[in-house]
Each structure stands twice: as structure tokens, then as C-alpha cells.
Amino acid sequence: MFTQFPTDFPPMPDGFMEAIQADPGAFADAMGQGMEAMGDAMAAGGDMESAFEAMGDTMGPMMGDIGITPEMFEAAGEAFGDVAGPA
């Protein structure tokens, strides 16, 4: 048995992709710093929940700077989880 990503992706929240496209460098920087925070939390013995919390704590304010609200950020995370989670 194998696992694959779903083919019917859930939609991203309104305005999310537009905000990324308006400043892809800022989004990439936020992702980089968020992934670093996630890795640091895991290296310190944290579980996935605490790692994602560290990522969100780091990325949240940076996302706000490019126009992504906390609600949009959370909805995008849930949509990504719906795709990546099963795989």
C-alpha cells in the first residue's frame, strides 16, 4: 500500500496567495525563519504540536507584515495539513 497526496486540494483563504505574490521575498524569509524555529523546537525535544506552535509564533507577525491575518494564516495551515497530513 502506498500513500499519495490528494488530487482535490482545499482552497487557500481569500487574499492569501495575492499577499504572497505581492512580496515573495518576505514570504520566503518568514518560511525560512519559521522552519528554523520548528527545527529548534524539535531538536529541544518538542513534539509536533510544540514545533508547529514555535513556527506559528515566529511566522505570525511576519505574515501580518505582508497582509496575512492570523485567521488567514491558520486557514492556510489547515489547508496545507489537509493535503500533507495524509501523505
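Q: In this predicted model, where is the place of Asp8, and is the residue buried or exposed?
A: Asp8 sits in the segment before α1. Its relative accessibility is 61%. Because exposed means over 50%, Asp8 counts as exposed.

Q: What distance separates the C-alpha atoms of Asp8 and Val83?
A: Along the chain, Asp8 and Val83 are 75 residues apart.

Q: What accessible area do the residues of the nonpolar surface patch have together?
A: Met17, of helix α1, belongs to this patch. The patch also includes Met12 and Phe80. Together, the residues have an accessible area of about 290 Å².

Q: Which element gives the largest share of the largest nonpolar core?
A: This core has 18 residues, and Phe16, Phe27, Met63 and Ile68 have the most contacts inside it. Two or more residues each come from α1 (16-22), α2, α3 and α4 (70-84). The largest share, six residues, is given by α3.

Q: Where does Asp47 of the negative surface patch lie, and how does its accessibility class read?
A: Asp47 forms this patch with Glu49, Glu53 and Asp57. Asp47 is placed in the loop between α2 (24-43) and α3 (48-65). With 46% relative accessibility, Asp47 counts as partly exposed.

Conventions: Residues are numbered from 1 along each chain as its sequence is written. This is a predicted model: local features need pLDDT of at least 70, side-chain atom pairs count only at pLDDT 80 or more; totals for chains, interfaces and linings use all residues. Side-chain values use heavy atoms; hydrogens and water are left out. Patches are made of residues with over 30% relative accessible area and no salt bridge: like charges are joined within 9 Å, nonpolar side chains (Val, Leu, Ile, Met, Phe, Trp, Tyr) within 5 Å. Accessible areas come from the Shrake-Rupley method with a 1.4 Å probe; for residues, only the protein chains shown count as cover. A salt bridge is a side-chain nitrogen of Lys or Arg within 4 Å of a carboxyl oxygen of Asp or Glu. Lys and Arg count as positive and Asp and Glu as negative; His and the chain ends are not counted. The place of a charge is taken as NZ of Lys, CZ of Arg, CG of Asp or CD of Glu. Helices (H or I, at least four residues) and strands (E, at least two) are DSSP runs, numbered from the N terminus. Buried means under 20% relative accessible area, exposed over 50%, partly exposed in between (1.4 Å probe, protein chains only). A nonpolar core is a set of buried Ala, Val, Leu, Ile, Met, Phe, Trp, Tyr and Cys residues joined through side-chain atoms within 4.5 Å.
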